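Look it over first, then take the points by topic.

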Amino acid sequence: ASYEAGPTGFGLARKLDAAGIAVTVAAPSKIIRPAGDRIKTDARDALLLARLLKMDELTAVRVPTEAEESARDLVRARDDARVELMAARHRLSKLLLRRGIVYAGTNTWSRDHDRWLRAERRAGLDNAGIGT
């Protein structure tokens, strides 16, 4: 059996291996595709994988252990959270800038900056008549 490595992980390969079924997890970037073949369907992909497996033309990727895959997932999740945090910070700073609210300090996203943000929030709520 074979399938393309992808976002669903390697659980299927581990289960097939445990059941005694030989499986090749193919590296998608190494699959030889016919020139001009831009139509991608599951059926066509399955036939191509079967042909390449029969001809021993698939480049296999190593199936990581569950611990390795979990560690990779954790690293990816941490990186995603970091990227989202930076995007949220940029959105907030641009919103404040559009409203003419500018931080006079030097180090943004520090304790001093956090205190300033909280003071601006309280001032905005007070000016809006909220929270009084």
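Helix α2 is followed by Asp56, a residue with a positive phi near 60 degrees. The model is predicted. Its chain averages a pLDDT of 88, and 94% of the residues score at least 70.

**Helix α2**

- Helix α2 covers residues 42-54, 13 residues in total. From first C-alpha to last it reaches 18 Å, close to the 18 Å expected at 1.5 Å a residue.
- Four residues of α2 are buried: Asp45, Leu48, Leu49 and Leu52. Seen down the axis of α2, the buried residues fall within an arc of 100 degrees, so they line one face of the helix.
- In an α-helix there are 3.6 residues a turn, so residues three or four places apart point the same way.
- On the other side of α2, the exposed residues are Ala43, Arg51 and Lys54.
- The cover over the buried residues of α2 includes strands β1 (2-4) and β2 (24-26).

**Asp45, a buried residue of α2**

- Asp45 lies in helix α2. Its relative accessible area is 12%, so it counts as buried, the cut-off being under 20%.
- Not counting residues up to four places away in sequence, Asp45 touches Glu4, Arg33 and Lys40.

**Nonpolar cores**

- The largest nonpolar core has 6 residues: Ala26, Ile31, Leu48, Leu49, Leu52 and Leu58. Helix α2 gives the most to this core, with 3 residues.
- A second, separate core has 5 residues. Among them are Tyr3, Ala5, Phe10 and Ala13.
- In soluble globular proteins, nonpolar side chains tend to be buried together.
- Leu52 belongs to the largest core. Leaving aside neighbours within four places in sequence, Leu52 is in contact with Ile31, Ile32, Glu57 and Leu58.

**Helix α3 and Glu69**

- Helix α3 has 33 residues. It reaches 48 Å from its first C-alpha to its last, close to the 48 Å expected at 1.5 Å a residue.
- Glu69 is found in α3, which runs over residues 66-98. With a relative accessible area of 13%, Glu69 is buried.
- Which residues does Glu69 contact, leaving aside its neighbours within four places in sequence? They are Gly9, Phe10, Gly11, Arg14 and Pro64.
- Just after α3, Gly100 takes a positive phi of about 80 degrees.

**The aromatic pair**

- How many aromatic pairs does the structure hold? The structure holds 1.
- The rings belong to Tyr103 and Trp116. Their centres are 5.1 Å apart and their planes lie at 55 degrees, so the pair is tilted.
- Tyr103 lies in the loop between α3 and α4 (111-127), and Trp116 lies in helix α4, so the pair ties together parts that are 13 residues apart in sequence.
- Both Tyr103 and Trp116 are buried.

- Most residues other than glycine have a negative phi.
- Asp56 is not a glycine, yet it has a positive phi of about 60 degrees. Asp56 is found in the loop between α2 and α3. At 67% relative accessibility, Asp56 counts as exposed.
- Trp109 is not a glycine either, and it also has a positive phi of about 60 degrees. Trp109 is found in the loop between α3 and α4. At 33% relative accessibility, Trp109 counts as partly exposed.

**Val23**

- Val23 has its place in the loop between α1 (11-18) and β2. Its relative accessible area is 23%, and Val23 is partly exposed.
- Leaving aside neighbours within four places in sequence, Val23 is in contact with Ala1, Ser2, Tyr3, Ala13 and Leu16.
- Val23 and Arg82 are 59 residues apart along the chain. Their C-alpha atoms are separated by 36 Å.

Key
Residues numbered from 1 in each chain as written. Heavy atoms only, no water. Helix = DSSP H or I, 4+ residues; strand = E, 2+ residues; numbered from the N terminus. Expected span 1.5 Å × (residues − 1). Buried < 20%, exposed > 50% of the residue type's maximum accessible area, 1.4 Å probe, protein only. Arc of directions from axis to C-beta. Contact = heavy atoms within 4.5 Å. Core = buried A, V, L, I, M, F, W, Y, C linked by side-chain atoms within 4.5 Å. Phe/Tyr/Trp six-rings, centres within 6.5 Å; stacked < 30°, edge-to-face > 60°. pLDDT = per-residue confidence, 0-100.
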